[in-house]
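Hi everyone, thanks for making time for this. I'd like to walk you through one chain, piece by piece, so please have a look at it with me.

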Amino acid sequence: MSDDRNVPALPPVPKPRARTNRKLLIFLFIFFIIILVILFFQSSLSRVSVIEVEGNELMTSEAIGQASQVAVGDRFFAFSSQSVTQRISSLPMIKTATVKKHFPGKVYITVQEYPKVAFQIGADGKKQAVLADGAIVELPADSSVPLDMPILTGWTDGDPNKAALCKVLGEIPASALSDISEIKPDPSEPYPDKIKLYTRSQFEVYTTIAYLPEKIDNLPAYIASLQEDHITSGVIKMLEVEYHAPFEPNEDTKNDTNNTSGQKAGSNAAVSPTPDPNKDGSKPTPKPTPKATPKP
């Protein structure tokens, strides 16, 4: 029987420290990350440094910037592009808006305004632009925007026909409206949306808002054909039947319920009655277009 006391004792095995060192490294890494994050958010790199607005013509960049509720110095990551886009798109004059963020600190805002379709003069005598959605934008006194579109006169704010006209004008190419200098309301019982247009070629045109998109395309060629016949002024009625008549004398204007004041005097030719629908609601039978006699 052997004596266990002669067996040498084994030295104690040291415990590995790798796990402890790994935990320390992870702790130090997280600590330095937190320090870097704190330093980053305290630095100018985390702030909005530049806001650029593009695509605006009538609205000022300052007005769009205020609507975005983002200013230089704000935290770059404190807002989303989508939220800013929604705020800008809610402006009545803005059709679409796009907001992009570029690190570090740059915000780009691109807008598309509703197109301007006409101009008008406000009660204070200042020029105003009328947009396709019916919104009114007052032009600054030193504005360089050319008055290259029709001027609306005689319309009242809140008139549904005015809003409908603006929408229609927004769908018509600008080239088709180049000869139109002024548009006035001229409602009648059979045509509640009847309007009167003045052209730069010295003609008065009667039509309706509903007919305008269809009739306006034919107007330049129709005026050109009249001018070829040496007819340089008169009334063009583009309703159920299209025809031209010379301006009537002022004393006869009262006898024509479809003509409004403001027509030129000096012509002895009589104007045929407007082919309005009959009182019973039926439409007249179209007649061939008469050939107008040149003014003396």
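So, to begin with the overall picture: the chain has seven helices and 12 strands. Please keep in mind that this is a predicted model. Of the 296 residues in the chain, 36% are buried. If you take contacts between residues at least 6 apart in sequence, 51% of them join residues at least 24 apart.

Let's start with a sheet. There is an open one of three strands, in the order β1-β3-β2, and its pairing is mixed. Which strands stand at the edges? They are β1, residues 50–54, and β2, each with a single partner strand, so one side of each has no neighbour in the sheet. On average, neighbouring strands here are turned by 15° against each other, if we ignore direction. β1 and β3 run parallel and are joined by five bridges. Within that pair, Glu54 stands opposite Thr110 in β3. Helix α3 packs on this sheet, where it touches β2 and β3, and its direction makes about 155° with that of β2.

While we're here, look at the loop between β2 (94–102) and β3 (106–113), because that is where Pro104 lies. The peptide bond joining Phe103 and Pro104 is cis, with omega about 5°. As a reminder, most peptide bonds are trans, and most residues other than glycine have a negative phi.

Back to α3, this time with a helix as its partner. α2 (residues 61–68) and α3 (residues 81–89) pack at an angle of about 125°, and their axes are 8 Å apart. The two helices are therefore oblique to each other, and their crossing is right-handed. On the α2 side the contact is made by Ile64, Ala67 and Ser68, and on the α3 side by Val84, Arg87 and Ile88. Sorted by type, the residues of this contact are four nonpolar, one polar and one charged.

The loop between α2 and α3 holds Gln69. Gln69 is not a glycine, yet its phi is positive, at about 60°. Is Gln69 buried or exposed? It is exposed, with a relative accessible area of 57%. His230 is another residue with a positive phi, about 65°, and it is not a glycine either. You'll find His230 in the loop between α6 (219–228) and β11 (234–238). With 65% relative accessibility, His230 counts as exposed.

Now for my last stop, strand β9. β9 covers residues 194–199, and six of its six residues are buried. In a regular strand, side chains alternate between the two faces of the sheet. Here, Lys194, Lys196 and Tyr198 point one way from β9, while Ile195, Leu197 and Thr199 point the other way, and all are buried.

What about the partners of β9? Strand β8 (residues 180–185) runs antiparallel to β9, and five bridges join them. β9 and β10 form a hairpin with three residues between them, and Gln202 in the turn has a positive phi of about 70°.

That's my tour, and I'm happy to take questions!

Note on methods. Residues numbered from 1 in each chain as written. Predicted model: local features only at pLDDT ≥ 70, side-chain atom pairs only at ≥ 80, totals over all residues. Heavy atoms only, no water. Buried < 20%, exposed > 50% of the residue type's maximum accessible area, 1.4 Å probe, protein only. Helix = DSSP H or I, 4+ residues; strand = E, 2+ residues; numbered from the N terminus. Pairing = 2+ DSSP bridges. Axes fitted to C-alpha atoms, helices over the stretch in contact; angles between N-to-C directions. Parallel < 35°, antiparallel > 145°, perpendicular 65-115°, else oblique. Left-handed = near helix turned anticlockwise from the far one by under 90°. Contact = heavy atoms within 4.5 Å. Nonpolar A, V, L, I, M, F, W, Y, C, P; charged D, E, K, R; others polar.
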